Amino acid sequence: MCHPGWHRARIAAQHLSDLARLRRVRDRIDREYRRPLDVEALARGAGMPAGQLSREFRLAYGRSPYAYLTARRIEHATALLRRGGPDPAGVWAAVGCSSPGVFAARFTELVGMPPGAFRLRAAGPGAALAPRPAEHRTGPVRNREAPAAEPQLA
């Protein structure tokens with residue numbers, strides 16, 4: 001016959017072991033957010049079924065592993081945009097999102113504004129007036145043979 005305290009100690013030890021596995025999953029998401037990660041791969045790495053990982057991760061951290069991964073990607077995207085890194089069209093790939101549409105939707109949902117507007121706001125009030133170097137290079141080429149438009153005077 002086992003001592004009743006041993007059963008409680010074994011349950012507590014299992015709980016700590018599960019929390020350690022969840023912490024390793026969270027650390028992996030933090031390290032590898034740029035790579036294509038899915039819940040199945042994370043669960044395989046943790047040695048548990050995907051459904052169990054999702055339930056226990058949500059209980060421990062308040063959100064699902066995918067929601068945590070998305071939040072980490074958007075957090076890094078805001079840091080890149082704030083520093084003036086790649087333009088918003090290139091940030092989605094830099095943070096590991098699968099498509100620009102999904103990135104823009106999640107960014108707008110979590111930050112409250114589209115990535116381009118966030119970049120302009122982070123750059124300051126004069127940034128909207130200054131042309132970016134890419135706009136200079138790809139701007140319209142004027143046709144020198146076209147007649148100049150007459151100024152319209154009132």
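The model is predicted, so local features need pLDDT of at least 70 and side-chain atom pairs count only at pLDDT 80 or more, while totals for chains, interfaces and linings use all residues. Residues are numbered from 1 along each chain as its sequence is written, and side-chain values use heavy atoms, leaving out hydrogens and water.

The protein chain contains eight helices and zero strands (DSSP runs numbered from the N terminus: H or I of at least four residues for helices, E of at least two for strands). Of its 154 residues, 27% are buried, that is, under 20% relative accessible area with a 1.4 Å probe, protein chains only.

Helix α4 covers residues 65-82 and spans 26 Å from its first C-alpha to its last, close to the 26 Å expected at 1.5 Å a residue (1.5 Å times one less than the number of residues). Its buried residues include Tyr68, Leu69, Arg72 and Arg73. The buried residues of α4 pack against α1, α2, α3, α5, α6 and α7, where contact means heavy atoms within 4.5 Å. Glycine 84, with a positive phi near 80°, follows α4.

The axes of α4 and α6, lines fitted to C-alpha atoms over the stretch in contact with angles from 0 to 180 degrees between N-to-C directions, come within 10 Å and cross at roughly 85°. The two helices are therefore roughly perpendicular, a term for angles of 65 to 115 degrees. In this contact, Thr70, Ala71, Ile74, Ala77, Thr78 and Leu81 of α4 meet Phe103, Arg106, Phe107, Leu110 and Val111 of α6.

Definitions and conventions: Buried means under 20% relative accessible area, exposed over 50%, partly exposed in between (1.4 Å probe, protein chains only). Angles under 35 degrees count as roughly parallel, over 145 as roughly antiparallel, 65 to 115 as roughly perpendicular and the rest as oblique.
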